[in-house]
Amino acid sequence: MSSLNKQSFINILFSYFPIWMLFLSVFNDFDFNYLKIEYFAFNFVHILIFFWTLKNPDHLGYASIFLAGIINDVIIGIPIGISSFCYLLICFASAYIRNITLSPNFINDWLSFLFIILLINSIQVTILDLIFFIEVNYPKYLINTGFTFLFYPIFFFLFSIINKKISFKLND
Amino acid sequence: MATSRDDFVIAVRSAFLKKKDKQKFSLLTLLFLSIFVIILSNYNFKVIQYIKIGINEITYRASFLISAPENKIQSINSQIKDHLEIYDNYKNIESELEKLKQKELVNNFLKMENEKLRELINESIKSDELLAKVLIDKDSPFLKSIILNKGTKDKLKIGMAVADEVYLVGKIIEVNYTNSRVLLLSDLNSKIPVVLEPIGMQAVVSGTGGDTGKIQYTKDEYGDQIKSKDLIAYTSGQGGLFKPGLPVGRVTTDNINKIDFFSDFKQLEYVKIISHSIEEVN
């Protein structure tokens, strides 16, 4: 009986994996910057939100994403609300793709992801530069977008394995 | 044609309004809420400021705790590197120490002479220093800033200079009750008035978003004067924001518009917050 309880506790904990990762990455600014490779940076949070809201939105609530955006803004020091808005736009795009897609295709998802991150980074830069008059480094944003796009397949593969395990364990 | 437009509208409406089983809020509600937050954060109402300070306090502390394991790994890594390079470092330090000893003698004389000259014009500079620990130093590719563990309870104010030992690293741009944010010199939005010595030319050091800065707003003959020697940039004290004479960085003859900062912003653990006042001596 106790082992059964323990097992279900682990399953529940595992089902919160996307939320753990989301908050850990916004608090910790998880982007491999400490590797000190010049110009190398990517946005892990964008990949995480896009994947989970597209493939399994039950495990990553919109309210958590909104809160993570607020925390991200505080940590990196930009006006509160901007990241939340951008993250929720990713959610909207992934929900739209989910609604119009009958048979999911990796290449379609990947290209849609590129379009979405280009769009939301443009919105973010526009808000920062034109509304809040915060000078931003445009080439770095573009390079960051490029690396985020390139890293998507790796995390897609990893998250797919985790997603299968979560779905399997919860349906078990 | 009409059917495909209907499909598009249905898909968009469903994406905005439809909640999955475990979602408590619709996407549209949260999108409006985030726009509302962005607009509110633009206003400086007292209530909003207090809420902002509260959110900052909680988030900075939580981030400090969560980053602890990663920071520990980084510090172990840097310790190992230091141990491996210990002999080379020792040799370099030994030769530098000898040079510094010689310079100190000259500096002491100049310091006393400077004090006497200030007395002659009835002026003295008083400064206070406060030691602070760096809580968060995430190297974001967009904004270069650090969070310190001192705030309004330690009488910190926006605009105070922050130094790594004697080298200027930035200025305070946000103060909460127990912590504050420092904009580093390398940030694109940082502009510091400096004086370039030994030519004595006024300039502004701006951040580039990278590890170096750039020299701006110099006189036309700046290029001719620097040709033969390296320059050191010190804070000029123009505008009364910073104590004059804080070393900022070195300008080499290779690239006269680029400045290499003396301090390594990625290695900051403790910094000094410097406040100063220029008083008249009667």
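Two strands count as paired if DSSP finds at least two bridges between them. Keep that in mind for the first view. Everything shown here comes from a predicted model.

**Figure 1. Strands β10 and β11 of chain B sit side by side as a pair.** Strand β10 covers residues 247-251 of chain B, and strand β11 covers residues 258-261 of that chain. The two run antiparallel and are joined by two bridges. If you want a spot to start looking, find B:Arg250, which stands opposite B:Asp260 in β11(B).

**Figure 2. Six strands of chain B close into a barrel.** Go around the barrel and you meet the strands in the order β6-β7-β8-β11-β10-β9, with antiparallel pairing. On average, neighbouring strands of this sheet are turned by 40° against each other, ignoring direction. As you look at the strands, remember that in a regular strand the side chains alternate between the two faces of the sheet.

**Figure 3. Strands β3 and β4 of chain B make a hairpin.** Here β3 (residues 161-164) and β4 (residues 167-175) of chain B run antiparallel, with four bridges joining them. Which residue stands opposite B:Asp164? That would be B:Tyr167 in β4(B). Two residues lie between the strands, and B:Glu165 in the turn has a positive phi of about 55°.

**Figure 4. Helices α2 and α3 of chain A cross at roughly 160°.** Helix α2 takes in residues 17-28 of chain A and helix α3 residues 44-55, and their axes come within 10 Å. An angle over 145 degrees counts as roughly antiparallel, so that is how α2(A) and α3(A) lie relative to each other. Their crossing is left-handed. On the α2(A) side, the contact is made by A:Phe17, A:Pro18, A:Met21, A:Leu22, A:Ser25 and A:Val26, while α3(A) brings A:Phe44, A:Val45, A:Leu48, A:Ile49 and A:Trp52. Sort these residues by class and you get ten nonpolar, one polar and no charged ones.

**Figure 5. Helices α5 and α6 of chain A cross at roughly 155°.** These are residues 82-100 and 106-131 of chain A, with axes that come within 10 Å. The angle makes α5(A) roughly antiparallel to α6(A), and the crossing is right-handed. Residues of α5(A) in the contact include A:Phe85, A:Leu89 and A:Ile97, and among those of α6(A) are A:Asp109, A:Ile116 and A:Leu128. How many nonpolar, polar and charged residues does this contact have? It has twelve nonpolar, three polar and one charged.

**Figure 6. Chain A and chain B bury about 4200 Å² between them.** Of that area, 68% is on carbon and sulfur atoms. The contact takes 48 residues from chain A and 50 residues from chain B.

**Figure 7. Helix α2 of chain A packs against helix α3 of chain B.** The partner from chain B spans residues 46-66, and the two axes are 9 Å apart at an angle of about 100°. That makes α2(A) roughly perpendicular to α3(B). A:Leu24, A:Phe27 and A:Asn28 in α2(A) meet B:Thr59, B:Ala62, B:Ser63 and B:Ile66 in α3(B).

Notes: Residues numbered from 1 in each chain as written. Chains lettered and ligands numbered in written order. Predicted model: local features only at pLDDT ≥ 70, side-chain atom pairs only at ≥ 80, totals over all residues. Heavy atoms only, no water. Axes fitted to C-alpha atoms, helices over the stretch in contact; angles between N-to-C directions. Parallel < 35°, antiparallel > 145°, perpendicular 65-115°, else oblique. Left-handed = near helix turned anticlockwise from the far one by under 90°. Contact = heavy atoms within 4.5 Å. Nonpolar A, V, L, I, M, F, W, Y, C, P; charged D, E, K, R; others polar. Buried area = accessible area lost by both parts, 1.4 Å probe.
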